[in-house]
Amino acid sequence: MFSIKDGVIKISVRNLVEFIYQSGDIDNRNAGAADADAMQAGSRIHKKIQKKMGSGYRAEVPLKAELDYINYRVIVEGRADGIFEQEDGMAVDEIKGMYADVSKFKEPLLVHRAQAMCYACFYATQNQLDEMVLQFTYVNLDTEEIKRFWEKYTKKELEEWFDKTMTEFKKWSDFLYEAGQERNRSIKQVEFPFEYRKGQKELAVSVYKTINRKKVLFIQAPTGVGKTVSTVFPAVKAVGEGLGDKIFYLTAKTITRTVAENTFDELRKQDLKFRTITITAKEKICGYGVKCNPVDCPFAKGHFDRINDAVYDIICNEYRITRDVVLQYAAKHQVCPFEFSLDISYWCDGIICDYNYVFDPNAYLRRFFGEGNKGEYIFLIDEAHNLVERGREMYSAAISKEDVMEFKRIIKPYDRKLYLAAERVNKALLEIKRQAVDEFLVLDTAGTLTLGLMTVYDEILRFNEEYHEFEFRDKVQEFFFKVRDFVNISELADENYVIYAQITWDGDLIVKQFCVNPSGNLNLCLSKGNAAVFFSATLLPITYYKNLLRGTEDDYAIYAHSPFLPEYRKVLIGSDVTTQYSKRSARQYGRVYEYIKKTVNVRHGNYMVFFPSYGYMEEVRKFYEEGDFLMFPQTADMSEEEKEDFLSAFETIHQEESFVGFCVMGGIFSEGIDLKEESLIGAIVVGTGLPQTGVERKILIDWFSREGKGFEYAYVYPGLNKVLQSAGRVIRTEKDRGIILLLDSRFLDGGYDGLMPAEWTNMEIVNINTVEEQLFHFWKEL
């Protein structure tokens with residue numbers, strides 16, 4: 001919404017008036033209509049109208065006003081849609097494209113009037129004009145019907161109105177300036193909150209230098225290095241030195257967001273005045289079933305009338321703004337907690353959130369990263385290994401023929417025009433289906449399909465304006481979002497995409513724009529800020545992540561070595577067992593079970609076994625006999641309570657009989673959990689973690705074979721990450737002792753040379769006959 005640097009606060013005209021003059025309800029029953037201007041239709045109609053106005057009409061005229069206060073300056077700037085001369089004098093034109101029936105408008109909307117008044121005031125002042133005419137041009141994007149309003153103001157009236165507007169904004173600009181000064185003073189006296197571990201100071205210095213040089217850094221840092229504090233601390237210090245204005249701490253897991261919150265808390269013990277907010281997903285913070293309209297949600301009714309008071313209250317009284325704090329103030333002021341949290345983020349120094357709030361084209365924070373927006377941002381990207389697949393998901397989109405057919409059935413009785421638009425999409429899909437005779441079909445383009453979907457998109461927006469109360473609204477909106485995603489992604493699709501069609505097992509047709517390499521799209525987002533740090537315990541091999549997250553191998557990279565003694569960890573590889581699909585048999589399952597049984601009974605305690613799939617786990621479980629050890633299996637449909645029960649079981653130290661959790665590699669228990677000391681003394685990883693075969697894996701192999709790394713990029717490296725994450729559940733602190741057993745002979749193949757963590761210096765090869773002896777010696781020597 002604004003930027004502040006060197007005592008200058010900049011805010012756009014549109015952001016200013018929408019902030020000061022917002023009012024009314026949240027109402028998602030018109031979902032999509034609010035951002036219609038952002039679509040091609042909106043910009044196209046602007047240009048069309050501007051051209052029709054003749055040679056004396058100046059389009060997109062830059063205007064600004066500068067206001068000097070005691071300690072800082074405010075610059076309000078923007079572009080008027082048009083400036084032209086008419087009989088009554090000079091006029092400012094404010095053009096608004098929308099799907100509403102503009103013929104029913106009785107007067108201009110308040111925020112549109114305010115926007116035009118700003119431009120008129122600036123122009124009149126700069127050109128010494130006594131009065132200005134305001135022209136409001138409303139145009140229906142579907143019919144191109146135009147409705148205009150005219151108003152005339154004297155220069156004095158405009159200046160008095162603008163002064164009143166800026167008086168309203170001054171308490172906010174005062175807050176910005178004073179909070180920034182307070183923050184920077186407090187940062188100067190903050191020191192690293194712990195005694196530096198080996199290599200930790202060098203890590204923090206590298207992060208600071210990267211931010212100072214506005215570069216990108218990759219950090220491979222094993223558990224125990226203290227990655228979070230080693231990145232947050234130098235980033236905070238960089239903000240204090242004016243090298244950034246806002247820190248975005250991005251992660252894919254709730255538990256790592258909590259770690260980030262606690263790290264900022266640790267720095268606040270030194271009286272750091274640094275506001276942070278944790279953004280919680282709408283589904284997890286809404287108490288009304290995400291029904292964002294004034295009928296179903298009391299917080300939605302009048303939300304915009306109360307939101308500014310709510311924001312000012314919380315930012316003046318809180319520095320640590322977590323989910324619970326947001327809910328407390330949202331209830332006090334009766335505002336939507338999710339939208340509230342987004343508005344609070346403007347006024348915070350640190351934002352802790354999921355990746356999608358920065359990178360997802362359908363969910364990113366437009367107030368920071370919308371078209372034309374950028375800022376002094378520092379991106380700290382935790383658990384960055386997750387961003388490869390998440391990036392592919394965020395930048396891919398699919399549409400299915402069955403979705404279109406169901407939508408047609410719903411809409412047919414209500415709207416013929418929309419039905420016919422959907423039918424054209426159906427015909428385009430039918431033509432593709434006729435060609436898709438093989439397992440999948442790679443398409444050169446989805447142009448005809450995309451054009452059809454763009455029409456459906458526009459027609460749904462019109463339909464939503466006409467049918468506020470509609471029996472199947474949820475289903476229509478669900479389909480609308482799929483259409484929107486496909487259309488939006490089509491604008492991003494380039495040489496890093498493969499468009500393919502696939503007929504599913506049940507006969508449905510899916511057309512997907514598959515983002516093979518997300519680095520280009522991720523970089524567009526990172527270019528909105530100053531610097532970025534990617535860090536994880538499992539960024540191996542580093543070149544793989546550099547290529548897929550940045551598209552270059554030129555960025556800085558450091559490998560932080562483990563602070564823990566290598567003799568406290570034993571890593572073994574079973575040489576006489578494999579999970580290779582073609583070699584699976586009862587004999588192999590039995591051998592895996594025998595390895596588990598022998599391992600956990602050399603020393604009793606808590607262990608986790610990670611299997612390649614639930615199916616494989618069940619085959620091994622068939623060999624389990626009561627009395628071998630205590631066994632607790634993960635299930636595919638665990639509730640939150642069951643997940644907590646599973647982890648709670650590890651809080652008990654089992655010395656008389658081993659306790660063994662059977663888990664799935666890549667699942668909820670293979671990453672992000674922190675079981676310390678005797679809570680977990682061993683991890684047994686069954687298999688190489690290779691992803692399941694499928695269409696997209698074949699596409700990846702073909703794509704990256706150009707670089708001679710097809711199988712590695714499609715299977716080996718993603719699988720290795722799951723292995724290392726699972727193995728990383730053991731040895732979390734300097735007090736921990738434990739074993740890691742990798743059960744697959746393929747780890748001994750040349751393809752894994754140089755890929756294992758540097759701290760695994762004592763890896764040894766065992767077989768079913770020698771594993772007990774090796775483990776016995778390890779535990780005995782501790």
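**Salt bridges, helix faces and backbone features**

Arg 14 is partly exposed, with a relative accessible area of 38%; buried means under 20%, exposed over 50% and partly exposed in between, for a 1.4 Å probe and protein chains only. The structure is a predicted model, in which local features need pLDDT of at least 70 and side-chain atom pairs count only at pLDDT 80 or more, while totals for chains, interfaces and linings use all residues. Residues are numbered from 1 along each chain as its sequence is written, and side-chain values use heavy atoms, with hydrogens and water left out.

Arg 14 is paired with Glu 18 in a salt bridge whose closest N and O atoms are 3.0 Å apart; the term denotes a side-chain nitrogen of Lys or Arg within 4 Å of a carboxyl oxygen of Asp or Glu. Because Glu 18 and Arg 14 are 4 residues apart in helix H1 (residues 13-21), about one helical turn separates them. Helices (H or I, at least four residues) and strands (E, at least two) are DSSP runs, numbered from the N terminus. Glu 18 is likewise partly exposed, at 32% relative accessibility.

In the whole structure, 49 salt bridges are found. One of these links the side chains of Glu 734 and Arg 197, at 4.0 Å from N to O. Glu 734 lies in the loop between helix H25 (710-727) and strand S25 (738-743), and Arg 197 in the loop between helix H4 (155-188) and helix H5 (200-212), so this pair ties together parts that are 537 residues apart in sequence. Glu 734 is partly exposed at 47%, as is Arg 197 at 36%. A salt bridge also joins Arg 409 to Glu 402, with 3.0 Å between the closest N and O atoms. Here Arg 409 is exposed, its relative accessible area being 52%, whereas Glu 402 is partly exposed at 39%.

Helix H26 (residues 771-781) contains the buried residues Val 771, Leu 775, Phe 778 and Trp 779. Seen down the axis of H26, its buried residues fall within an arc of 90°, so they line one face of the helix; the arc is that of the directions from the helix axis to the C-beta atoms. Lys 780 and Glu 781, on the other side of H26, are exposed.

Several backbone features were also identified. The peptide bond from Leu 540 to Pro 541 is cis, with omega near -10°, and Pro 541 belongs to the loop between strand S18 (531-536) and helix H20 (542-549). Although Glu 60 is not a glycine, it has a positive phi of about 50°; Glu 60 lies in strand S3 (residues 58-68) and is partly exposed at 33%. A positive phi, near 55°, also occurs at Lys 214, a residue other than glycine, in the loop between H5 and strand S8 (216-220).
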